Amino acid sequence: MRKSVLILSLATVAAFSASWSIGPDGLSGWPGLPCSDVLETGLLRAGMSIELMDTDNGSILRIPMKASWGVKDNIEVGAVIPVIPVDSPYEGSVIGDIVLSGGWLYEKARGGTALKLTGKLTLPTGEKYRDNGAEIALGGVSSTTFMDFRLSMSAEYALNGGRNPFDGAVTDVMYFTAGGSSFVTPDILLYAGMNGSTSSTFKVGAGAQYLLKDYLAIDGGTNIGLNDFENFEIYAGVSWTGHGY
């Protein structure tokens, strides 16, 4: 009886529960893997992570500060402020590019399949070459569930203006991600994915998340860069969720 209840709980959580973490652009998801969930109205999630990246020219230590908020039914907004205390390759500013984002749950079908439309604005507050610079992007992310495994895929089309978006040198780029997540217990989730862009960036990674309490989760993992600059990255983070905001 207990085993049956556990199996039912795993399937239910995988299909309908929102991520306990915050995705790469401040919306629901996991580090490097966005998902189609949106926070419930009045739900606030805040978190931070420590990311150590090894590059061909030295190490970069990033501490992204993230927040996501369920504004109203099917709509969430998010923000990411990256603090970069160690920057060996560029010796740049302590603040990276600030990201403001929004997501709208456009459609949700039975069985946990959903489509979320997303928008993103990146402010050129970071360092030249290290950070992307001014950018506006529109896209979508779709997730679907098979038993206790969840597949998520996303794509974004972006216009990039670099450090000075008003000088007319605007380029376009496509971003994409694909990956999956699965609960191994009601409190432990594993995820893996790959992400890249048409500007020749590509990486693969995997991680795990543990729900310490109903409102507090920790996660950690690693990414391997397959381009010519980023080699290896490890990270660990924590996220807190509060109600009534």
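**Close-up views around strand 14**

**View 1. Strand 3 against strand 14.** Strand 3 (residues 44-55) and strand 14 (residues 230-242) run antiparallel and are joined by twelve bridges. The coordinates come from a predicted model. Within this pair, Met48 has Val238 of strand 14 as its bridge partner.

**View 2. The hairpin of strands 13 and 14.** Strand 13 (residues 216-225) pairs with strand 14 in the antiparallel sense, over nine bridges. Four residues lie between strand 13 and strand 14, and the two strands form a hairpin. Ile224 is bridged to Phe232 in strand 14.

**View 3. The largest cavity.** The model holds four cavities of 30 Å³ or more. The largest cavity has a volume of about 80 Å³. Its lining consists of Ser21, Ile22, Pro31, Gly47, Met48, Ser49, Lys66, Asp219, Gly237, Val238 and Ser239. Strand 3 and strand 14 are the elements that give two or more residues to this lining. The bridge partners Met48 and Val238 are both among the lining residues.

View 4. Which classes of residue make up the lining of the largest cavity? The lining residues divide into four nonpolar, five polar and two charged.

Conventions
Residues are numbered from 1 along each chain as its sequence is written. This is a predicted model: local features need pLDDT of at least 70, side-chain atom pairs count only at pLDDT 80 or more; totals for chains, interfaces and linings use all residues. Side-chain values use heavy atoms; hydrogens and water are left out. Two strands pair if DSSP finds at least two bridges between them. On a 1 Å grid over the protein atoms alone, a cavity is a set of points where a 1.4 Å probe fits but cannot get out, and a pocket is an open set with protein on both sides within 12 Å along at least five of seven lines; lining residues have an atom within 4 Å of a point. Grid points are joined across faces, edges and corners, and a volume is the space filled by probe spheres set on the points. Ala, Val, Leu, Ile, Met, Phe, Trp, Tyr, Cys and Pro count as nonpolar, Asp, Glu, Lys and Arg as charged, and the others, Gly among them, as polar.
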